[in-house]
Amino acid sequence: MSDIINVAWRKYLLQLQLHPLKTKAITAGVLAGCSDAVAQKISGIKKLQLKRLLLIMLYGFAYGGPFGHFLHKLMDIIFKGKKDNKTVVKKVLLEQLTSSPWNNFFFMMYYGLVVEGRPWGLVKNKVRKDYPSIQLTAWKFWPIVGWVNYQYMPLQFRVIFHSFVASCWAIFLNLKARSVTNKKA
């Protein structure tokens with residue numbers, strides 16, 4: 001079994017080297033789909049909602065992976081590849097003050113409008129009501145992830161690491177979004 005895993009890992013690394021954006025996008029999509037399947041099961045959905053799962057995978061594939069790919073390349077350009085503690089703190093702060101609020105806002109909008117097909121007014125009110133607490137929770141969790149990512153992960157693995165952790169975060173966001181819409185349904 002370990003030989004199969006080693007071969008698969010080597011092939012994955014080769015794809016990551018040859019086609020970094022595509023590989024990161026596919027990885028983010030698969031992880032987003034896995035997180036949604038888990039969120040659906042935890043929230044008590046008996047039969048897997050395939051349309052919802054595919055729309056969440058589309059989010060990871062079309063947005064999550066590419067956004068992370070270019071964000072980490074940009075961070076490396078801005079900070080010229082520095083990895084000292086002071087630079088890592090600056091990267092984490094910059095990420096938390098820019099991409100973190102945007103990503104949470106964008107996910108909430110996408111989830112409400114696209115995944116659930118809710119009207120603009122309902123989604124806008126829900127975001128207005130829930131966004132502050134979600135972002136405050138994010139600021140308690142993501143800086144630690146960012147620190148580990150910038151301090152210990154090589155550039156080519158940052159999006160993969162972030163996507164893996166984001167799949168756990170997406171379970172939280174899914175359940176938060178679901179719990180509010182279930183109360184109104």
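Me: Buried means under 20% relative accessible area, exposed over 50%, and partly exposed anything in between (1.4 Å probe, protein chains only). Going by that, is K126 buried or exposed?

Reply: K126 is buried, because its relative accessible area is 13%. Before we go on, this is a predicted model, where local features need pLDDT of at least 70, side-chain atom pairs need 80 or more, and totals for chains, interfaces and linings use all residues. Numbering starts from 1 along each chain as its sequence is written, and side-chain values use heavy atoms, with hydrogens and water left out.

Me: Fine. What does the side chain of K126 pair up with?

Reply: With D130, in a salt bridge (a side-chain nitrogen of Lys or Arg within 4 Å of a carboxyl oxygen of Asp or Glu). For K126 and D130 the N to O distance is 2.8 Å.

Me: And D130, buried or exposed?

Reply: D130 counts as buried, because its relative accessibility is 3%.

Me: How far apart are K126 and D130 along helix α6?

Reply: They are four residues apart in α6, so about one helical turn separates them. Helices here are DSSP runs (H or I, at least four residues), numbered from the N terminus.

Me: How many salt bridges does the structure hold?

Reply: Six. Among them is the pair D76 and K91, whose side chains meet at 3.8 Å, N to O.

Me: Where do D76 and K91 sit?

Reply: D76 is in helix α3 and K91 in helix α4, 15 residues apart, and the pair links distant parts of the chain.

Me: Is K91 buried or exposed?

Reply: K91 counts as buried, because its relative accessibility is 0%. D76 is a bit of a contrast: at 22% it counts as partly exposed.

Me: What else does D76 bridge to?

Reply: R158, with the closest N and O atoms 3.7 Å apart. That pair links distant parts of the chain too, since R158 belongs to helix α7 (residues 155-184) and D76 to helix α3, 82 residues apart. R158 is buried, at 3% relative accessible area.

Me: Which residues end up in that salt bridge network, then?

Reply: D76, K91 and R158 are linked in it.

Me: How far is I77 from L97?

Reply: They are 20 residues apart in sequence, and their C-alpha atoms are 18 Å apart in space.

Me: New topic: α4 and α5. How do their axes run?

Reply: The axes of α4 (residues 85-97) and α5 (residues 99-115) come within 3 Å and cross at roughly 35°. Those axes are lines fitted to C-alpha atoms over the stretch in contact, and angles run from 0 to 180 degrees between N-to-C directions.

Me: Who makes the contact?

Reply: On the α4 side, L94, E95, Q96 and L97; on the α5 side, S99, S100 and P101. Contact means heavy atoms within 4.5 Å.

Me: How many residues of α5 are buried?

Reply: 12 of its 17, which leaves α5 mostly covered. The buried ones include N103, F107, M109, Y111 and V115.

Me: What comes after α5?

Reply: G117 follows it, with a positive phi near 65°.

Me: And V89, back in the other helix?

Reply: V89 is in α4 and counts as partly exposed, because its relative accessible area is 39%.

Me: Last one: what does F172 contact?

Reply: Leaving aside neighbours within four places in sequence, F172 is in contact with I134 and T137. F172 is found in α7 and is partly exposed, at 32% relative accessible area.

Me: How far is F172 from L14?

Reply: They are 158 residues apart in sequence and 32 Å apart in space, C-alpha to C-alpha.

Conventions. Helices (H or I, at least four residues) and strands (E, at least two) are DSSP runs, numbered from the N terminus.
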